[in-house]
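Subject: Structure handover

Hello,

Here is the structure you asked about. My notes on the salt bridges, the core and the surface follow below it.

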Amino acid sequence: MELGVQLVAVTLGANGSTLTTPRHSLAIPAPSGIRGDTIGAGDSYTAALLAGILRIGTNGVNLLATLDENDLLFLGQEAAAAAAITVNRQGADLPYRAEISSSARIRGIPLEN
């Protein structure tokens, strides 16, 4: 069985990002008040997105095909928080997981999934 593309992430800098699966598409706003060095922001976003997918787990099924809008929101907000941390640092200095959670809570982003 060929599945094809199951998740597309498009980052738009200060305009946020979009996560799309065959069933859902969700716009994720960028955290406000972000300025600084954008080197590494996309890397941080992608790394946090992949780490979030791995944390959700597969339970023996094709996880990406089962993602709903709440999953996409969780993944996108966490990835946006990671990118926000990176752009407020000099160079491509990606954050640790604990920093992402703290930053998201400070910005009012619920990461309860």
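Asp93 counts as partly exposed, because its relative accessibility of 38% falls between the 20% limit for buried and the 50% limit for exposed. Please keep in mind that this is a predicted model. Asp93 forms a salt bridge with Arg89, with 3.5 Å between the closest N and O atoms.

Arg89 also forms a salt bridge with Glu99, and there the closest N and O atoms are 2.2 Å apart. Arg89 sits in the loop between H3 and H4, while Glu99 belongs to helix H4 (residues 97–106), so this pair ties together parts that are 10 residues apart in sequence. Glu99 is partly exposed, at a relative accessible area of 29%.

In total, the structure holds 4 salt bridges. Another of them joins the side chains of Arg55 and Glu78, at 2.3 Å from N to O. Arg55 is in helix H1 and Glu78 in helix H3, so the contact ties together parts 23 residues apart in sequence.

The largest nonpolar core is made up of 22 residues, and Leu19, Leu49 and Leu75 have the most contacts inside it. At least two core residues come from each of strand S3 (25–28), helix H1 (41–56) and helix H3 (69–87). H3 gives the largest share, with 10 residues.

What does Leu19 touch, leaving aside residues up to four places away in sequence? Its contacts include Leu49 and Leu75, along with Tyr45, Leu72 and Gly76. Leu19 also touches Leu7, Val8 and Ala9, as well as His24, Ser25 and Leu26.

Val8 leads on to the surface. This residue lies in strand S1 (residues 8–11) and is partly exposed, at 37% relative accessibility. Together with Val5, Val10 and Leu12, Val8 forms a nonpolar patch on the surface, and the four have about 320 Å² of accessible area together.

Regards

Definitions and conventions. Residues numbered from 1 in each chain as written. Predicted model: local features only at pLDDT ≥ 70, side-chain atom pairs only at ≥ 80, totals over all residues. Heavy atoms only, no water. Core = buried A, V, L, I, M, F, W, Y, C linked by side-chain atoms within 4.5 Å. Buried < 20%, exposed > 50% of the residue type's maximum accessible area, 1.4 Å probe, protein only. Helix = DSSP H or I, 4+ residues; strand = E, 2+ residues; numbered from the N terminus. Contact = heavy atoms within 4.5 Å. Patch = residues over 30% accessible without salt bridge, like charges linked within 9 Å, V, L, I, M, F, W, Y side chains within 5 Å. Areas by Shrake-Rupley, 256 points an atom, 1.4 Å probe, with all protein chains shown as cover.
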